[in-house]
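I opened this notebook to keep track of what I look up, one topic at a time.

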Amino acid sequence: MADEQKEAKPKKRMTATQAAASIGPMVKEFITGTLRARAEGKQKIAYTFIVCHHEEIFRAMDVVPVWTENFAGICGAKRDAERFLQRAESLGLSRSLCTYALCGIGFDQWREELGQMPPDAPWGGQARPDMMISSGQILCDPRSKWYQASQQFMPDVPIYNIDLPHPLFQRDQDHREVWGYYHKYIVKQLRGLVAFLEEQTKKKMDYDRLRELVNLSDRTWSLIEETYDLRKAVPCPMGTGDAMNTMVPINFMMATQQAYDFFVNLKKELEEKIAKGEGEVEKEKYRLMWGGGLPAWFALTDFNYFNSKGASFPVETTYRMVAPLNQMNLPETKDPIEHLAWRWLGYWTLWFDKAKKRPGSEPDVERLINRIEEYKIDGVVMHEAFSCRTWHVGLIWQLNQLAKIYKPISVYVVGRDGKKEKVYRELPSLILESDIIDITSYSEVDTRNKIDAFIETLESNRLNKAA
Amino acid sequence: MTSYFAGIDVGSTITKAVILDKGIVASVIGPTGPEQRRLANRVMEEALNRATLSFQAITYIVSTGYGRINVPFADKQFTEITCHAKGIRNLFPKAKTIIDIGGQDIKAIRIDAAGKIIDFVMNDKCAAGSGRFIEVIADAVGVPLDKVGGLSLQSKNPAKISNICTIWAQQEVAASLAQGVPVSDLLAGVHHSLADRICRLVNRLKVEEEIVVTGGGAKNKGLLKALSDQLGNEIRVPEDPLITGALGAALLGKEIVEKAKENHTPLKIKERILEQIEIL
């Protein structure tokens, strides 16, 4: 069996906002809450994944979700994933598979083998589920396989798979021509989930409660948009480092009053910071966008390193899993399940129309361009996590396409004929390479050397623009 | 009175120093050991001896390379990306793409007509594609490092080396040697494999001519030929490719001093003491 030594504790990342600093205890509490629920046995517990638009259904049925990606991320952030990854490897699974899945499978196997939590399990460990709700959506294929692998160690735990597709971008087609079919299919999937949960919990869905929770989520979506829009301020009051904390209520606590209240408080805090002219960094020199890729959870202090160079991150595309509902033109419906399905389709097709208007653009690229302009961005940083192929395979293409169709930096250069000429440059970009939780893929020295070089490039642009 | 500027590039395997006034006054190349700080002192001392200058005569010192923070007497640090761009631009005013093949890594840099960096890529963590790869293979076939490039050019039938991992490629070479594959063919195959890996990295940038290759890898004619063939472009090489980073560092120091004079701003300069520092 693999060496099951724990790694050294990571350094704590400094947060710019009190709200972000409050996230750690909040996550700890909901992990502990799942363990309490397991011990009490009054509520059913379900393993599941984020970005499935099904939180409202869980909460309306009083089912406790255990976000397995979240637990793997916690293991990574605590630099305590390696022993679970090694477990999974010793089961014959390759390290090049999704390391979230490997960590979860390794943990499950160990817990089931012991009949109790593995020693010193992060924050008490991941509770044994009563059911597993997987999702074979096009976003991430391991999500429909992970629980099948875990079921080997928990043959008594049933799996229900929901499929949540959305139309792909076609420049010469209007997605609205087909989204009715998609909607019908997604509604069936969600109704199937309701039926499965009713069977498992022996309870009937309370549709009035579900309607209230969907309404609460919608209001939370709008509030998050308003809150994150405040980050357009110069200097930026909150960066991506903090947003990797505040993603918790967005992705793991949706359809709860706690998530809504969290953003009420965060919005207030940001407004106060803006009024006082307080930025994420003391002297903001560069405004960067985290343009894609899940973060290296064990190396979040790299955001502090960027900050130490005067670089702030006013915006990111990662984990901003909400969008302005008023821009989606969603068909009206009183059925909460139908609304969830429309909202899903509205979210994934939001950038389609805009992308069609710009030659060479695509929705993901269009989103980058819009964010660059709205947030006055000087450079783009992405992270390629080797084990997350579904999410990361298109990142370099997005950057190349961005550089090809979007050159916002005008500078004067002396041409070969000795005359000054105006040229347009693309935005500088940096690709960091490691993994979400596999620390063996990461080198702090190399990463920071890259960051230093990127900062020098930004500085060169800044001086050129000033000149 | 003449002003002198020093650049010191503490790379992963070699430490380089350049002293400059209007041109290069002295340059020194020495191995980087684990005691980088002490070695930086020694290399600097040697450069001063060659230039017959006292340490106090140096107006400004810039350090670069992986060990740049381990040069206690440097007035400022820049990354090797910026320094190579500056150094190469000085030597090749039309350069647009720079490929630095170092001991442990490769960097590709794209610069614009003004010599400013537009974009860069670096490999990291893995030595495949770097100078270390060639060192390991040279050792495996028993050929001195400086003969590897020339010998590979004699090949008429380059071997296929499919592994990009340095350790596995070493095993593959050993197996091919056992099967009687000529050393020149093996080395040519290794250079093709290496050039392939370098191209994969470089092609992430928009490669434009002139292309200049620098670093230790630029001293290997076999690798340059393979790289030029695969890129489909002519490649330029500095006379002394090892010192371009240090040269760039010295040039950046010169710029800083000139700018400070122009703006009448004071310069922050370290005390000129070349003391030996133990770090182990």
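**Entry: confidence**

I noted at the start that this is a predicted model. I looked up the overall scores and found ipTM 0.79 and pTM 0.87.

**Entry: a sheet in chain B**

I asked in which order the strands of the open sheet in chain B run. The order is β8-β7-β6-β9-β10, 5 strands with mixed pairing. I then looked for the edge strands, and they are β8 (117-122) and β10 (235-236) of chain B. Each of these edge strands pairs on one side only.

Next I checked how β10(B) is attached. Strand β9 (residues 211-214) of chain B is joined to β10(B) by 2 bridges, and the two run parallel. I picked out one partner pair: B:V212 is bridged to B:R236 in β10(B).

I also asked which strands helix α2 (residues 80-91) of chain B touches as it packs on the sheet. They are β6 (97-101), β7 (106-111), β8 and β9 of chain B. The direction of α2 makes about 60° with that of β7(B).

**Entry: domains of chain B**

I looked up the domain assignment of chain B. Domain 1 covers 4-82 + 243-263, and domain 2 covers 99-237. Their centres, taken over C-alpha atoms, are 27 Å apart. Where they meet, domain 1 of chain B gives 8 residues and domain 2 of chain B gives 10 residues.

I wanted to know which element gives the largest share of the domain 1 side. It is α2(B), with 3 residues. By class, I noted 2 nonpolar, 5 polar and 1 charged on that side of domain 1 of chain B.

**Entry: where chains A and B touch**

I turned to the contact between the chains. It takes 17 residues from chain B and 18 residues from chain A. On the side of chain B, α2 and β8 each supply at least two residues. The largest share on that side comes from β8(B), with 5 residues. I then sorted the chain B side by class and recorded 9 nonpolar, 2 polar and 6 charged residues.

**Entry: a strand inside chain A**

I asked why strand β7 (residues 379-385) of chain A is largely enclosed by the rest of the structure. The reason is that 6 of its 7 residues are buried.

I checked the strands beside β7(A). Strand β5 (residues 286-292) of chain A joins β7(A) through 4 bridges, running parallel. Here A:L288 stands opposite A:G379 in β7(A). Strand β10 (residues 429-434) of chain A joins β7(A) through 6 bridges, also running parallel. For that pairing I noted A:M382 opposite A:I431 in β10(A).

**Entry: one residue, A:I105**

I found A:I105 in helix α6 (residues 99-114) of chain A. Is A:I105 buried or exposed? I counted 27 other C-beta atoms within 10 Å, so A:I105 is buried.

I then listed its contacts, leaving aside neighbours within four places in sequence. A:I105 is in contact with A:A88, A:L93, A:W146, A:A149 and A:S150. Last, I looked at A:V214, 109 residues from A:I105 along the chain. The C-alpha atoms of A:I105 and A:V214 are separated by 32 Å.

Terms used:
Residues numbered from 1 in each chain as written. Chains lettered and ligands numbered in written order. Predicted model: local features only at pLDDT ≥ 70, side-chain atom pairs only at ≥ 80, totals over all residues. Pairing = 2+ DSSP bridges. Contact = placed C-beta atoms within 7 Å. Axes fitted to C-alpha atoms, helices over the stretch in contact; angles between N-to-C directions. Buried ≥ 20, exposed ≤ 12 C-beta atoms within 10 Å, placed from the backbone. Nonpolar A, V, L, I, M, F, W, Y, C, P; charged D, E, K, R; others polar. Domains from an automatic or database assignment.
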